[in-house]
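Hello,

Here is the structure I promised to pass on. Please have a look, and then read my notes below.

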Protein chains: 2
Amino acid sequence: MQTVATCEHHRQAHHEVPLTATVIPIRAVSSGIPALPRTLGCSACAMRATCMPPGLTPDELARLDVTISATRSIKRGEVLYRAGDAFQSIYTVRAGSFKTVVMHRDGREQVTGFQIAGDPLGLEGICEGKQNCDAIALEDSVVCIIPFAQIESMCREMKSMRHYIYQKMSGEIVRESTQMMLLGTMRAEQRVATFLLNLSKRFKARGFSAAEFHLRMTREEIGCYLGLKLETVSRIFSKFQREGLVHANGKTVRIEDAQGLAEV
Amino acid sequence: MQTVATCEHHRQAHHEVPLTATVIPIRAVSSGIPALPRTLGCSACAMRATCMPPGLTPDELARLDVTISATRSIKRGEVLYRAGDAFQSIYTVRAGSFKTVVMHRDGREQVTGFQIAGDPLGLEGICEGKQNCDAIALEDSVVCIIPFAQIESMCREMKSMRHYIYQKMSGEIVRESTQMMLLGTMRAEQRVATFLLNLSKRFKARGFSAAEFHLRMTREEIGCYLGLKLETVSRIFSKFQREGLVHANGKTVRIEDAQGLAEV
DNA sequence: CGGTTGTTTGAATCCGTTCAATACCTGTGG
DNA sequence: CCACAGGTATTGAACGGATTCAAACAACCG
């Protein structure tokens with residue numbers, strides 16, 4: 001079984017993921033995964049506000065329900081897609097969480113993002129018709145499959161859908177430039193503080209606690225994301241704890257002084 | 001007069017740029033700027049292959065010529081747009097070059113990209129309806145103005161135009177994740193080597209020499225882009241020169257051993 | 001020409017890494 | 001149930017690469 005921890009594997013062996021085999025109609029999966037929203041299909045989905053444009057007509061919603069009719073379950077450590085895979089769909093995280101990783105020939109890796117429920121996945125693939133990073137589940141997860149060709153053809157008539165795609169993509173660009181700033185200008189403590197505050201904000205936006213949450217990623221993955229070594233991340237967690245900024249016990253984190261964190 | 005060099009200024013004072021005042025019909029500008037392609041309008045533009053989707057019909061080309069009918073000249077050190085400006089247009093660099101800079105409240109800056117002729121500008125703005133970075137000319141430059149609302153409405157009928165927009169945006173995402181990898185995993189020498197090789201490749205793609213070119217940006221701006229201090233950049237240029245990898249005289253750079261650079 | 005901006009180089013410092021040892025946690029099989 | 005193994009996390013000490021501080025030089029422009 002593949003592990004999430006080490007930041008070095010998952011090369012080669014493209015296209016071997018049995019894509020269709022694990023695609024299941026939404027209704028079939030509903031009873032199996034307890035954490036899922038009860039109601040299914042976009043029209044009744046609790047997360048529609050984050051995933052889809054606002055102000056859709058009933059007709060348009062009905063069409064969405066037909067188009068986005070399948071989810072896919074991915075176990076912890078498994079990949080949703082790999083760099084090089086042919087681009088066919090974009091995804092929305094329905095439950096669980098992912099990391100996206102780009103790699104160099106020489107084995108160097110960079111975690112480019114962590115995605116939690118409601119976040120989009122796979123947008124980078126549109127450019128060259130193939131994915132440029134691996135998307136790996138940090139825990140047992142479920143994604144909604146959004147077939148790009150179909151959603152794209154909806155764009156013809158639906159201006160709001162065009163704007164939705166633009167916004168998601170543009171949002172990725174903005175997110176990444178923020179991360180470039182972090183990597184280019186911040187010192188280690190600021191990076192970790194920013195990371196924790198960002199996670200906190202996103203959990204809050206999805207209705208979870210902003211103060212206390214469970215990290216699904218290892219110290220190494222955090223380091224890989226922040227341009228630091230895992231030891232450095234660990235040391236800074238400890239330091240923040242000594243200073244009363246956070247309480248960190250393994251993967252459980254409680255933010256004690258958000259203001260203080262922001263001022264690191 | 002504003003300077004390009006120091007990596008610290010250009011805050012506040014949004015919206016004060018007299019946008020319309022400097023917008024000139026393409027034909028009016030044609031004789032003024034010698035470096036411009038002789039033929040004007042997208043249908044006859046030499047750079048259309050890089051700026052616009054392939055396979056447009058004559059009808060579509062004619063429509064483009066009407067839509068993209070103005071350029072704008074920006075003098076060295078002046079801004080094309082600032083963070084916070086209302087998003088209205090995207091741009092293509094027609095002549096000259098730019099840097100894009102994001103900044104934090106605290107004055108920290110990060111150069112997120114350098115754009116040369118043929119490169120797109122302003123795509124990040126689509127997300128929130130306002131720009132999230134400053135675009136500053138590194139030399140006297142000219143951009144084509146692409147009014148987004150109009151190009152967007154062309155997307156309704158023109159599938160190729162929709163794909164064009166997707167590809168440009170997705171390309172930005174890919175470019176940025178590559179840069180995140182550089183910032184997150186490479187040591188200083190590798191960053192500078194990668195930077196030089198990337199510039200070389202892009203110049204070559206635009207028909208300029210891949211081996212020898214003129215840097216339009218200062219050492220400080222390069223450092224700001226690569227997450228290094230200007231002294232470090234300077235030292236590494238000198239080191240590369242000692243090792244026979246490049247010949248650098250001020251802003252003129254000649255790549256002597258591209259292979260060696262790639263292996264740094 | 002002087003003044004400003006940009007570049008180069010050296011020496012000292014410091015932050016994050018590297019190397020290493022130990023502890024912890026979780027799931028597995030005896 | 002406990003022991004064990006593998007991965008994960010913490011912490012210390014030494015090291016090193018990039019920064020900081022400083023000075024001198026070059027290039028540019030009015």
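Helices (H or I, at least four residues) and strands (E, at least two) are DSSP runs, numbered from the N terminus. On that basis chain A has 10 helices and 12 strands.

Some ground rules. This is a predicted model, in which local features need pLDDT of at least 70, side-chain atom pairs count only at pLDDT 80 or more, and totals for chains, interfaces and linings use all residues. Residues are numbered from 1 along each chain as its sequence is written, while chains are lettered from A and ligands numbered from 1 in the order in which they are written.

Chain A overall

Chain A has 264 residues, and 42% of them count as buried. Buried means that 20 or more other C-beta atoms, placed from the backbone, lie within 10 Å of the residue's own; exposed means 12 or fewer, and partly exposed lies in between. Contacts are pairs of residues whose C-beta atoms, placed from the backbone, lie within 7 Å. Among contacts in chain A between residues at least 6 apart in sequence, 71% join residues at least 24 apart.

A sheet in chain A

Three strands form an open sheet in the order S10-S12-S11 (chain A), with antiparallel pairing. Pairing takes at least two DSSP bridges between two strands. Strands S10 (212-214) and S11 (246-249) of chain A are the edges, and each pairs on one side only. S11(A) pairs with S12 (residues 252-255) of chain A over four bridges. Thr252(A) in S12(A) is the bridge partner of Asn249(A). Helix H7 (residues 188-205) of chain A lies across S10, S11 and S12 of chain A, at about 90° to S12(A). Axes here are lines fitted to C-alpha atoms, for helices over the stretch in contact; angles run from 0 to 180 degrees between N-to-C directions.

Two helices in chain B

In chain B, the axes of H7 (residues 188-205) and H9 (residues 230-242) come within 10 Å and cross at roughly 75°. H7(B) and H9(B) are therefore roughly perpendicular (65 to 115 degrees; under 35 is roughly parallel, over 145 roughly antiparallel, the rest oblique). Ala188(B), Glu189(B) and Val192(B) of H7(B) meet Thr232(B), Val233(B) and Ile236(B) of H9(B).

Where the chains meet

32 residues of chain B contact 32 residues of chain A. On the chain B side, S6 (109-116), H5 (148-157) and H6 (159-185) each give two or more residues. H6(B) gives the most, with 17 residues.

Best wishes

How values were computed
Contact = placed C-beta atoms within 7 Å.
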